[in-house]
Structure formats: structure tokens, C-alpha cells
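Open the model in your viewer and keep the selection tool ready. This tour goes stop by stop.

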Amino acid sequence: MILLSPEEIDEVFARFERQNPSPKSELKWKNPYTMLVSTVLSAQATDKSVNKATEPLYQIADTPEKMLALGEERLIPYIKTIGLYRNKAKNIIRLSRMLIDNFGGKVPETREEIQKLPGAGRKTANVVLNVVFGQPTMPVDTHLLRICPKIGLAEGDTPVEVEESLVSRIPAKYMQNAHHWLILHGRYVCTARKPDCENCIISDICKHNIKEGG
């Protein structure tokens with residue numbers, strides 16, 4: 001595996017920043033609680049499918065208290081179009097209860113505490129900490145796991161390995177927005193089925209292209 005040099009990594013993110021100075025999550029949310037719920041729902045599902053399901057849901061249940069009042073059986077019809085909806089409905093009700101009982105109804109601001117919530121793993125915690133609380137975390141989803149070693153930005157075979165590799169290499173000035181740029185790059189340019197290398201703004205730096213070219 002060939003890794004990018006620090007100078008090359010700086011150039012990659014400088015280009016991402018020039019192209020999209022203020023990237024945002026594609027999940028729609030109203031408050032920290034709804035961002036948490038949407039992120040839990042987004043596991044193995046597209047952001048678009050989550051947004052479509054949660055738009056009517058959040059009109060009636062946008063706090064832990066309202067979600068508990070709605071209940072699991074009445075929650076299910078709202079999220080039935082999303083994969084693993086039964087398990088996710090259970091987790092959303094349970095995490096709502098835990099937020100009320102343990103955190104005064106508020107979403108906690110540490111990775112360790114968020115990961116204690118049902119259905120909230122490390123990636124979910126990192127997303128919430130970054131998007132809601134402005135912390136420079138690095139959530140690694142399937143896109144980042146696939147493209148970052150390929151580009152030469154990180155090494156590793158697991159989300160945690162790739163996360164740690166990225167955090168150790170990406171300059172601090174880019175960390176707040178880095179995962180947004182990478183997710184969007186993997187979602188719309190460096191796609192799994194047909195990467196659009198022709199229109200890729202980092203194709204001349206990408207180590208995959210160097211390797212492919214011999």
C-alpha cells in the first residue's frame with residue numbers, strides 16, 4: 001500500500017475545501033436528539049430514505065419524551081421503509097428512555113456516553129459529536145472504509161483502524177469538515193461501481209491511479 005505524503009494530504013483537503021468550503025451532513029435534523037435518531041436510523045440505509053421517513057416523524061416526535069409517548073408500535077409505520085426497522089424502533093425507544101433517565105433528556109457530549117445508548121456505535125457517536133457539537137471527530141462509514149486506503153489517505157482494514165490512521169494524518173485545520181468531504185467524495189465521485197476519475201479533483205494525487213498506471 002502506498003500512502004500519501006503529508007504535503008499531498010494537505011493538497012487533497014485544500015482542494016476539497018476550495019470546492020466546498022462549508023460541507024454539511026445530508027441528514028436533516030432539528031435538534032441534537034433528532035440528529036442522534038437519524039444517525040441511528042441511517043445504519044445500512046441511505047440518508048435520503050431516512051430523511052423521507054423522519055420528516056413526518058419529527059413533526060410529532062422530536063424529543064425523547066414525545067418519542068416515548070409515541071411508543072414502539074406507532075413508531076414502526078414511520079420507519080418501515082428503512083432497513084432493520086424493527087430493531088431500530090426498539091433501540092430508539094430504549095435510547096429515548098435512557099436519555100431521560102440518565103442524561104436529563106439531553107444528548108451527551110462524549111463518545112463514551114453516546115456509545116452506551118442502544119443502537120449508537122462509535123460511528124454514530126462520532127457523527128453526533130461532529131455535526132451537533134462541532135468536535136473534530138472522524139466517523140468512518142462504508143464510503144470512508146472503501147476510499148481512504150484506496151486513495152492513500154489511510155491504512156487499515158477496519159473502521160477503527162482507518163479512523164485512527166486518518167486522525168493521525170489529517171491536519172487539524174481540516175478535521176472539522178474532513179469526514180463530510182470524504183463521504184461526499186465516496187458517495188458522488190469515487191463510487192464503488194464506477195468511480196468518476198475523469199471528473200475527480202484529486203485524481204492526479206490518488207495512489208490508486210498511480211498503482212493502476214504502473
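Buried here means under 20% relative accessible area, exposed means over 50%, and partly exposed is in between, with a 1.4 Å probe and protein chains only. Helices (H or I, at least four residues) and strands (E, at least two) are DSSP runs, numbered from the N terminus.

This is a predicted model, in which local features need pLDDT of at least 70 and side-chain atom pairs count only at pLDDT 80 or more, while totals for chains, interfaces and linings use all residues. Residues are numbered from 1 along each chain as its sequence is written, and side-chain values use heavy atoms, with hydrogens and water left out.

**Stop 1: helix α8**

Select residues 122-131, which form α8. Which residues of α8 are buried? They are Thr124, Ala125, Asn126, Val127, Val128, Leu129, Asn130 and Val131. That is eight of the ten residues of α8, so this helix is largely enclosed by the rest of the structure. Now show what packs over them. The cover includes α2 (32-41), α7, α10 and α11. Contact means heavy atoms within 4.5 Å.

**Stop 2: helix α10**

Move to α10, residues 159-169. Its buried residues are Val162, Glu163, Ser165 and Leu166. Look down the axis of α10: these residues fall within an arc of 165°, so they line one face of the helix. The arc is that of the directions from the helix axis to the C-beta atoms.

**Stop 3**

Zoom in on Cys190. It sits in the loop between α11 and α12 (207-212). Its relative accessibility is 9%, so Cys190 counts as buried. Leaving aside neighbours within four places in sequence, Cys190 is in contact with Arg146, Ile147, Lys150, His185 and Pro195.

Next, Cys206. This residue also lies in the loop between α11 and α12. At 8% relative accessibility, Cys206 counts as buried. With neighbours within four places in sequence left aside, Cys206 is in contact with Lys150 and Ile151.

**Stop 3: the cavity**

On a 1 Å grid over the protein atoms alone, a cavity is a set of points where a 1.4 Å probe fits but cannot get out; a pocket is an open set with protein on both sides within 12 Å along at least five of seven lines; lining residues have an atom within 4 Å of a point. Grid points are joined across faces, edges and corners, and a volume is the space filled by probe spheres set on the points.

The structure holds one cavity of 30 Å³ or more. The largest cavity has about 100 Å³ of space. Of its 14 lining residues, His185, Cys190, Cys197, Cys200 and Cys206 are the closest to its centre. α9 and α12 each supply at least two lining residues.

**Stop 4: the largest pocket**

The largest pocket has a volume of about 870 Å³. Which residues lie nearest its centre? Select Ser42, Ala45, Asp47, Lys123 and Asp141, out of 40 lining residues. The elements that give two or more residues to this lining are α2, α3 (47-60), α6 (85-103), α8, α9, α10 and α11.

**Stop 5: the second largest pocket**

About 160 Å³ of space lies in the second largest pocket. Its lining includes Phe16, Trp181, His185, Tyr188 and Cys200. α11 gives the most to this lining, with four residues.

**Stop 7**

Most residues other than glycine have a negative phi. Gln44 has a positive phi of about 55° although it is not a glycine. Find Gln44 in the loop between α2 and α3. At 74% relative accessibility, Gln44 counts as exposed. Last, select Leu84, in the loop between α5 (72-79) and α6. Leu84 has a positive phi of about 60°, and it is not a glycine.
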